[in-house]
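Dear colleague,

I am passing on the structure we spoke about, and I would be glad if you could look through it with the notes that follow.

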Amino acid sequence: MQRALLALAPRLLVVLLLPAIAPLTGCASLNQAVSNFNTFSVEEDVQLGRAAYQETLGESRVLTTGPGAQQVQRVTARLVEAALVDAPAFAQDFPWEARLIDAPEQVNAFCLPGGKMAVYTGILPVAQSDAGLAVVMGHEIAHATLRHGTKAVSRQQILVGGVAAIDLVLRGSDRDPEYATAAALLATSLIGLKYGRSAELEADRVGLITMARAGYDPREAVAFWQRMAAQGGQQGPEWLSTHPSHGNRIAQIEGLLPEAVAIYEAVTAMP
Ligand SMILES: [Zn+2]
């Protein structure tokens with residue numbers, strides 16, 4: 001598998017689609033336009049996410065029974081319903097799905113473009129509760145509804161992979177002998193993707209409101225990030241890729257808590 005990837009690498013390391021001009025400009029509206037730039041259609045989000053998901057689950061030990069698996073289904077179902085209240089309309093048609101992967105060393109979770117999610121068992125002890133897991137998955141679901149994955153790929157922040165692999169997955173056939181290699185490369189790239197600092201803070205913000213609306217106490221987000229900070233070097237790639245320090249994240253969350261707590265209290269006061 002590694003050898004096959006290496007053999008294919010020269011053809012897959014393809015030129016960029018658009019220079020990363022955002023850091024060169026001081027103009028907020030241009031920065032906004034660049035951060036929303038996306039060369040992919042919503043249907044392609046779904047297609048790429050599905051291929052990467054199949055590849056990842058195929059190589060993982062998926063747990064379908066037991067309290068952890070039930071917890072993942074229970075929490076993600078409530079979060080998706082809450083997220084769709086103010087998510088863009090296209091997210092209604094995403095093939096939302098979540099699985100628990102047995103990997104105690106992985107303190108991580110992801111939501112691919114198009115809504116395919118996975119939680120690694122290693123993050124459950126840090127999450128501690130349904131509310132703690134809702135912090136993680138509210139954030140991950142926001143990455144999908146905000147289309148951060150294909151936006152990052154459009155800005156050429158994808159390090160491994162490249163246009164050829166994406167093209168093969170989108171327009172090729174899964175009977176193509178190179179399809180599996182391309183899908184594997186895509187999975188590695190999408191799951192290890194660096195979304196960037198502003199996307200991470202945006203996912204924190206949207207995720208916090210989502211968890212509150214789903215009836216999970218948003219104050220748990222501060223406690224969760226404190227536990228993640230205490231984990232130090234054991235964080236998974238999604239959290240390592242985040243540029244905001246835990247302190248910055250927590251500061252933003254604390255600023256948003258009055259609004260989030262009000263939503264949470266209104267939701268939990270309903271009969
Ligand atoms: Zn993130």
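Where does helix 13 bend, and which proline follows? The bend, of about 50°, is at L257, and P258 is the proline that follows within four residues. Please keep in mind throughout that this is a predicted model.

Helix 13 covers residues 246-269 and helix 11 covers residues 220-231, and their axes come within 10 Å of each other, crossing at roughly 175°. Because angles over 145 degrees count as roughly antiparallel, that crossing makes helix 11 roughly antiparallel to helix 13. On the helix 11 side the contact is formed by A221, V222, W225, M228 and A229, which meet H246, R249, I250, I253 and E254 in helix 13. Sorted by class, the residues of this contact are seven nonpolar, one polar and two charged. The buried residues of helix 13 are R249, I250, I253, A260 and Y264, and the partners against which the buried residues of helix 13 pack are helix 10 (197-213) and helix 11.

Among contacts between residues at least 6 apart in sequence, 76% join residues that are at least 24 apart.

The largest nonpolar core has 68 residues, and those with the most contacts inside it are A52, L79, A134, M137, V169 and L186. Helix 6 (residues 130-145) gives the most to this core, with nine residues. If neighbours within four places in sequence are left aside, A134 is in contact with V75, L79, M211, A214 and Y216.

A144 has its place in helix 6 and is buried, with 27 other C-beta atoms within 10 Å. Its contacts, again leaving aside neighbours within four places in sequence, are F94, C111, L112, P113, G114 and G115; the C-alpha atoms of A144 and G114 are separated by 6.1 Å, although these residues are 30 apart along the chain. A87, for its part, is found in the loop between helix 4 and strand 2 (97-101), where A87 counts as partly exposed, with 19 C-beta neighbours inside 10 Å. From A87 to V206 the separation is 9.4 Å, C-alpha to C-alpha, whereas in sequence A87 and V206 are 119 residues apart.

With best regards

Technical notes. Residues are numbered from 1 along each chain as its sequence is written. This is a predicted model: local features need pLDDT of at least 70, side-chain atom pairs count only at pLDDT 80 or more; totals for chains, interfaces and linings use all residues. Axes are lines fitted to C-alpha atoms, for helices over the stretch in contact, and angles run from 0 to 180 degrees between N-to-C directions. Helices (H or I, at least four residues) and strands (E, at least two) are DSSP runs, numbered from the N terminus. Angles under 35 degrees count as roughly parallel, over 145 as roughly antiparallel, 65 to 115 as roughly perpendicular and the rest as oblique. Two residues are in contact if their C-beta atoms, placed from the backbone, lie within 7 Å. Ala, Val, Leu, Ile, Met, Phe, Trp, Tyr, Cys and Pro count as nonpolar, Asp, Glu, Lys and Arg as charged, and the others, Gly among them, as polar. The bend at a residue is the angle between axes fitted to the seven residues ending there and the seven starting there. A residue is buried if 20 or more other C-beta atoms lie within 10 Å of its own, exposed if 12 or fewer, and partly exposed in between; C-beta atoms are placed from the backbone. A nonpolar core is a set of buried Ala, Val, Leu, Ile, Met, Phe, Trp, Tyr and Cys residues joined through C-beta atoms within 7 Å.
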